[in-house]
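User: I am new to this structure. Please walk me through the terms used for it.
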Amino acid sequence: MNDYPTWFVQEAPGSHGPAIVRLFEDGAQKFVLARELLDAMERAQMMSAELWKTEVMENMPELATFDFMELFKMLDKKDMQEIEFVRTPIRRTKHRVIFIPYHAGGYIIPAVDLLMELIHDTISVRKILQDVTEDKLSIICDILLNCFTTEEVKDLRFVKLTQVEKMKKDVLTQLQERVPDAFLKHKQEVYRVGLQGFTLKDLQNELERLGLVKTFPFIVEDYSEFVFEWTELEKKEEVLRTCDMHDALELCQRYALLSRHMELVDFLHYSGACSRLKMKCHRCRDAAAAKKEQTEKELEEKKGEGSNCQKEDDQVETLEKKLAAIDPNSETVAET
Ligand SMILES: [Zn+2]
Ligand SMILES: [Zn+2]
């Protein structure tokens, strides 16, 4: 075995070595697995490991995480310097996250990706939301929401792959049992887009034809324009294709579904997924508004002081630029 630990190999208990910990990066967020950190501290025979084990970690769930910035408050400087943090960006393909090896064996994925997979599966693969009545829709939402309030997943950033498979099966069984007609009924296929592409009107017609307006009465007016603009921006070819229509339809349904459940929007927000998923998020909006107000206040104060030196004029200019740059949908604003 080489001297650099590979994460695919389970370390023998009681083995010694340097403290190496993965520093996960997901968008603007940086965090470590608490258990992996503790194991690394023990492996390196760090003095604080025992204390950490009994006082910090005792009642923590196995997959608990710490924000990287928090660690600076929790560990002393010497310990922080002794630990080698290995940058580990979380990577994704279009509909999937790349599995992350768990240091004690098996794999994990971010809980936010489990939610997105479940939604993708419900919306695009099984097309369950076509022409659904309000009471059935509530049940479907309930089934999805319940997954994320169980003890194994609640407030956690990661889920074990074994748990993921179990939850997916669970959702499927529940859909079959609780909304059997929505699950089994014949589904409309998305039409094949011609060589000339499709327009906003075509997307709106498709929402209507697939019975999605019956499920979500406001889906056309609330989401179709925004989603169409986004689809135009993201398209990979000259014209919009069938796969773009699929994406646009999924996005409209995802917005409509999530807008019913602020808990899920909050969950995505605290996972730092808002800008990546093009979420319309009330928390990001509030954070941006608060920041705007703050900057405006600073600007007023600076202007009110009646500056006559270049340095202060520069400050005013910087603040004005800052103000112009605040984007209500930007995640970085919310993080500050
Ligand atoms: Zn709700
Ligand atoms: Zn947000």
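**Rings, zinc sites and a helix**

Analyst: Phe68 and Phe72 both sit in helix α3 (residues 68–74), four residues apart, about one turn of the helix. Helices are DSSP runs of H or I with at least four residues, and strands are runs of E with at least two, numbered from the N terminus. This is a predicted model: local features need pLDDT of at least 70, side-chain atom pairs count only at pLDDT 80 or more, and totals for chains, interfaces and linings use all residues. Residues are numbered from 1 along each chain as its sequence is written, chains are lettered from A and ligands numbered from 1 in written order, and side-chain values use heavy atoms, without hydrogens and water.

User: Why is the pair of Phe68 and Phe72 called edge-to-face?

Analyst: A search of the whole structure finds 10 aromatic pairs. In the pair of Phe68 and Phe72, the ring centres are 5.2 Å apart and the planes stand at 70°, so it is edge-to-face. The rule for Phe, Tyr and Trp (its six-membered ring) asks for centres within 6.5 Å; planes under 30 degrees apart are stacked, over 60 edge-to-face, the rest tilted.

User: What makes Phe68 count as buried or exposed?

Analyst: Its relative accessibility is 14%, so Phe68 counts as buried. Buried means under 20% relative accessible area, exposed over 50%, partly exposed in between (1.4 Å probe, protein chains only). Phe72 has 46%, so Phe72 is partly exposed.

User: Why is the site of the zinc ion (ligand 2) called tetrahedral?

Analyst: The angles among its four donor atoms run from 101 to 115°. The donors are His269 (ND1), Cys274 (SG), Cys281 (SG) and Cys284 (SG), at 1.9 to 2.4 Å. Donors are N, O and S atoms within 2.8 Å of the metal (3.2 Å for Na, K and Ca); water is not among the atoms, so sites may look incomplete. Cys274 and Cys284 are both buried.

User: How do you know that the buried residues of α7 line one face of the helix?

Analyst: They are Leu161, Gln163, Val164, Met167, Val171, Gln174 and Leu175. Seen down the axis of α7, they fall within an arc of 145°, so they line one face. The arc is that of the directions from the helix axis to the C-beta atoms. Turned away from that buried side are the exposed residues Thr162, Lys166, Lys169 and Glu177.

Definitions and conventions:
Tetrahedral: all angles 85-135°; square planar, octahedral: opposite > 155°, others 65-115°.
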